[in-house]
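Thanks for asking me to look this one over. Please have the model open beside you as you read my notes.

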Amino acid sequence: MSDTPALTADDLGSSAQRERRERILDATIELASQGGFDAVQMRAVAERGDVALGTLYRYFPSKIHLLVTALARQFERTESVLSSKPIPGDTQADRVIAVLRLATRGLQGDPHLTEALTRAFMFADSSASQEIHAVGMLLTRMLTRAMHPGIDEVSDDDIAIARVVGDVWLSALVAWVTGRSTAEETAAHMEYAVRLIFR
């Protein structure tokens, strides 16, 4: 695995490069949706994304970088949905649960994709720290916005709480992906944990 981080959209100068990156991520998600983690092979992604294998490796140095970046893009899409309307709920716990339900529903609707993205996140090492950080920041931002709607400035304590909630959510997702809990048990576990945290 290379220590080079994946190229972000901001790293790419031309619209053609950005479009190529999106095509690669689309191909990754399609393959993962069809067959999970094992179906995402770099050569297959290159072929489906219509790029040379060497080009793919310049954008994403490994399969893990590729899949964690795809997870970040899924979170960006969830964040876009959340920003288009008020988050329902009268309390911080209610709103955080609403955000987690939306994110979980989107992932549980595609079990193969969720398995691939979650396994990649679990397997990632320090070489993918930039990609892992991007995922963590997206999740933290969604949760702190749910905690304090309409407020851009949040405290260090709020960020710490959001990170704990995010860790619990990812742990629950791993339990679902590995068959240790059902979708219903995962949702109940997350809700119970969130209500304890915000008690």
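1. Ground rules. This is a predicted model, where local features need pLDDT of at least 70 and side-chain atom pairs count only at pLDDT 80 or more, while totals for chains, interfaces and linings use all residues. Residues are numbered from 1 along each chain as its sequence is written, and side-chain values use heavy atoms, leaving out hydrogens and water.

2. Helix α4. Helices here are DSSP runs of H or I with at least four residues, numbered from the N terminus. Buried means under 20% relative accessible area, exposed over 50%, and partly exposed in between, with a 1.4 Å probe and protein chains only.

3. Glu 79. This residue lies in α4 (residues 63-83) and is buried, at 11% relative accessible area. Its side chain makes a polar contact of 3.1 Å with that of Arg 145. A polar contact is a pair of N or O atoms within 3.5 Å; within protein, one must be able to donate a hydrogen and the other to accept it, and residues adjacent in sequence count only if both atoms are side-chain atoms.

4. The core. Val 96 and Trp 169 touch the most other members of the largest nonpolar core, which has 55 residues. Its largest share, 9 residues, comes from α4. Such a core is a set of buried Ala, Val, Leu, Ile, Met, Phe, Trp, Tyr and Cys residues joined through side-chain atoms within 4.5 Å.

5. Aromatic pairs. There are 2 in the structure. Rings of Phe, Tyr and Trp (its six-membered ring) pair if their centres lie within 6.5 Å; planes under 30 degrees apart are stacked, over 60 edge-to-face, and the rest tilted. Phe 37 and Phe 123 are edge-to-face, because their planes stand at 85° with the centres 5.6 Å apart. Phe 75 and Trp 169 form a tilted pair, at 5.6 Å and 45°. Phe 75 is in α4 and Trp 169 in α8 (residues 156-177), so this pair ties together parts 94 residues apart in sequence.

6. Asp 50. Its phi is near 60°, a positive value in a residue other than glycine. Asp 50 sits in the loop between α2 (42-49) and α3 (53-59) and is exposed, at 62% relative accessibility.

Key:
Helices (H or I, at least four residues) and strands (E, at least two) are DSSP runs, numbered from the N terminus.
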